[in-house]
Amino acid sequence: MGHDEILSSPAIGTSLSSLIRPCGDRTRAATPPDPTNGPPFGLTFSGGGFRATLAALGVIRLLADAGLLAQVRYVSSVSGGSVANGIMAKAWPEVRKAGYTSAAVDAHIIDPIVDKVSSRSLKHKLVRNIWRIIGSKNRTELLADAFDDWWFDGLDLEQLDPEVRWIINAANVRTGVRFGFERDVLGDYVIGLAPTSGTGVRLATAAAASAAVPGAFARLELPDDIPFPCAAERGRPSLLDGGVYDNTGLEALDSNRYRDVFIVTLNAGGVLTVGSGGSLPIVGDLQRSNSLLYRQSTALRTRWMVERFERYRAAVTAGEEPEPDARRGVLFALASNVPSDDDGAFDAFAARHPEHRDWDGADLAFVPTVFDQLDRKLCRALVYRGWWLTGAALCRYHADDMPLPDLGDGPPLD
């Protein structure tokens with residue numbers, strides 16, 4: 001059987017059980033330490049180019065403003081969200097040293113991204129260096145080098161801070177499942193997990209694999225000496241954009257073993273416009289079909305998680321013990337509308353903090369999905385949008401069990 005035939009895997013719900021099974025290895029990522037106060041937080045950041053990166057920064061800033069950032073123990077990301085995840089991971093020791101303050105988040109996480117994205121074009125940087133793929137590098141490895149040059153400074157996965165499980169997600173096109181890069185392990189449940197120790201796999205490589213949009217970037221092939229337990233039988237990993245499999249980043253944390261984790265999910269993925277079908281008959285139809293498949297998979301995962309959130313809230317409101325698979329958290333997209341509430345917590349938040357959801361006459365959700373230079377004020381508007389949505393959702397749905405303090409003015413808009 002050829003490696004690409006592994007897509008006929010029952011591990012993803014199809015046919016013949018003789019083709020492939022979960023690897024069965026027992027290697028697992030280390031569990032992070034419990035926070036000193038309150039529940040552990042898990043953040044999931046979607047893909048969506050720098051639009052998603054910048055909005056994710058707003059989530060981080062809101063938690064810092066609210067005094068909740070020290071409780072973050074899991075961050076799972078895809079594509080553009082993985083840039084924010086990677087910079088947060090690199091900066092975490094400095095942020096912790098400074099007491100998880102908003103000023104530390106600005107200095108070590110937000111400003112380095114805004115400064116680069118607003119002053120230079122990553123796309124142009126890649127084009128100028130395209131000659132380098134004549135040798136042994138491909139376009140995705142070139143992207144990893146660019147990430148290293150701008151933000152990651154050659155940091156290896158195994159050097160990341162162990163206080164948080166940093167999970168950067170790609171899609172393994174040979175097994176058809178999510179492939180995770182973490183501090184201590186990497187792999188998927190079909191080929192198994194391998195330790196990162198001694199592999200030299202960089203944080204930038206993980207972020208690039210997570211962001212390797214099919215067509216624009218090439219498959220990323222990892223070194224042959226990484227000992228995935230079932231790779232000899234099922235093929236070495238071949239990686240592309242994690243959003244191909246799960247653009248929410250939620251799968252890494254949807255197991256009941258994380259039922260005590262408070263989930264904050266930001267979906268900053270692209271918006272499907274009703275009636276837009278593309279001008280070229282074949283290409284337009286293929287693009288539209290791909291968008292519909294993405295929308296379907298994301299909508300199903302989102303509805304499933306929101307239903308679990310609602311069951312948790314209903315049980316707590318009724319004074320009952322939540323069911324084992326009920327979950328606590330919030331989920332929102334850049335285009336989300338937050339409705340008024342009965343107790344006034346959200347209305348008070350919205351009165352204190354204007355929404356500011358438009359840019360140049362259009363909703364911020366329609367900012368193109370690019371890794372290109374963006375106007376500095378647009379960068380700040382996207383950060384503020386992520387900040388505002390996080391605060392609004394917490395006030396609207398968790399004002400009783402997680403009341404927010406005075407948040408000040410929030411991140412600057414200019």
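1. Strand β10, residues 328-333, contains Val330 (strands, of type E with at least two residues, and helices, of type H or I with at least four, are DSSP runs numbered from the N terminus). This is a predicted model, in which local features need pLDDT of at least 70, side-chain atom pairs count only at pLDDT 80 or more, and totals for chains, interfaces and linings use all residues. Residues are numbered from 1 along each chain as its sequence is written, and side-chain values use heavy atoms, with hydrogens and water left out.

2. Val330 has a relative accessibility of 2% and therefore counts as buried (buried is under 20% relative accessible area, exposed over 50% and partly exposed in between, with a 1.4 Å probe and protein chains only). Its contacts, leaving aside neighbours within four places in sequence, are Phe262, Ile263, Val264, Thr265, Phe309, Ala393, Leu394, Tyr397 and His398; contact means heavy atoms within 4.5 Å. Phe262 is 68 residues from Val330 in sequence, with a C-alpha to C-alpha distance of 8.2 Å.

3. For the chain as a whole, there are 10 helices and 12 strands. Of its 414 residues, 54% count as buried. Among contacts with a separation of 6 or more, 75% are between residues 24 or more positions apart.

4. Aromatic pairs number 16 in a search of the whole structure. The rings of Phe50 and Trp151 are edge-to-face, because their centres are 6.2 Å apart and their planes stand at 90 degrees. Phe50 belongs to helix α1 (residues 49-65) and Trp151 to helix α5 (residues 139-152), so the pair ties together parts that are 101 residues apart in sequence. Both residues, Phe50 and Trp151, are buried. On the criteria: rings of Phe, Tyr and Trp (its six-membered ring) pair if their centres lie within 6.5 Å, and planes under 30 degrees apart count as stacked, over 60 as edge-to-face and the rest as tilted.

5. Phe50 and Trp151 also belong to a cluster linked by ring pairs, together with Phe147, Trp150, Phe152 and Phe371. A contact of another kind involves Trp304: the charged end of Arg308 sits over its ring, 4.4 Å from the centre. The test for a charge over a ring is that NZ of Lys or CZ of Arg is within 6 Å of the ring centre and within 35 degrees of the ring normal.

6. Helix α3 (residues 102-119) bends by about 45 degrees at Ile110, and Pro112 follows within four residues. The bend at a residue is the angle between axes fitted to the seven residues ending there and the seven starting there. Ile110 is one of the buried residues of α3, which also include Val105, Asp106, Ile109, Ile113, Val114 and Val117. The buried residues of this helix pack against α1, α2 (80-97), α5 and α10 (376-398).

7. Ala107, also in helix α3, is partly exposed, with a relative accessible area of 43%. Its C-alpha atom is separated by 9.5 Å from that of Ala91, 16 residues away along the chain.

8. Gly81 is in helix α2 and counts as buried, at 0% relative accessibility. Not counting residues up to four places away in sequence, Gly81 touches Phe45, Ser46, Gly47, Ala52 and Thr53. Asn247 lies 166 residues from Gly81 in sequence and 9.5 Å from Gly81 in space, C-alpha to C-alpha.

9. Two non-glycine residues with positive phi deserve a check. Ser79 has phi near 50 degrees and sits in the loop between β2 (72-78) and α2; Ser79 is buried, with a relative accessible area of 4%. Asp360 has phi of about 55 degrees and lies in the loop between β11 (358-359) and β12 (362-363). Asp360 is exposed, at 73% relative accessible area.

10. The second largest pocket holds about 590 Å³ of space. Its lining has 25 residues, with Arg28, Arg178, Asp188, Tyr189 and Leu193 nearest the centre. At least two lining residues come from each of β3 (165-172), β4 (177-181), β5 (185-188) and β6 (192-195), and β5 gives the largest share, 4 residues. On a 1 Å grid over the protein atoms alone, a pocket is an open set of points where a 1.4 Å probe fits, with protein on both sides within 12 Å along at least five of seven lines, and lining residues have an atom within 4 Å of a point. Grid points are joined across faces, edges and corners, and the volume is the space filled by probe spheres set on the points.
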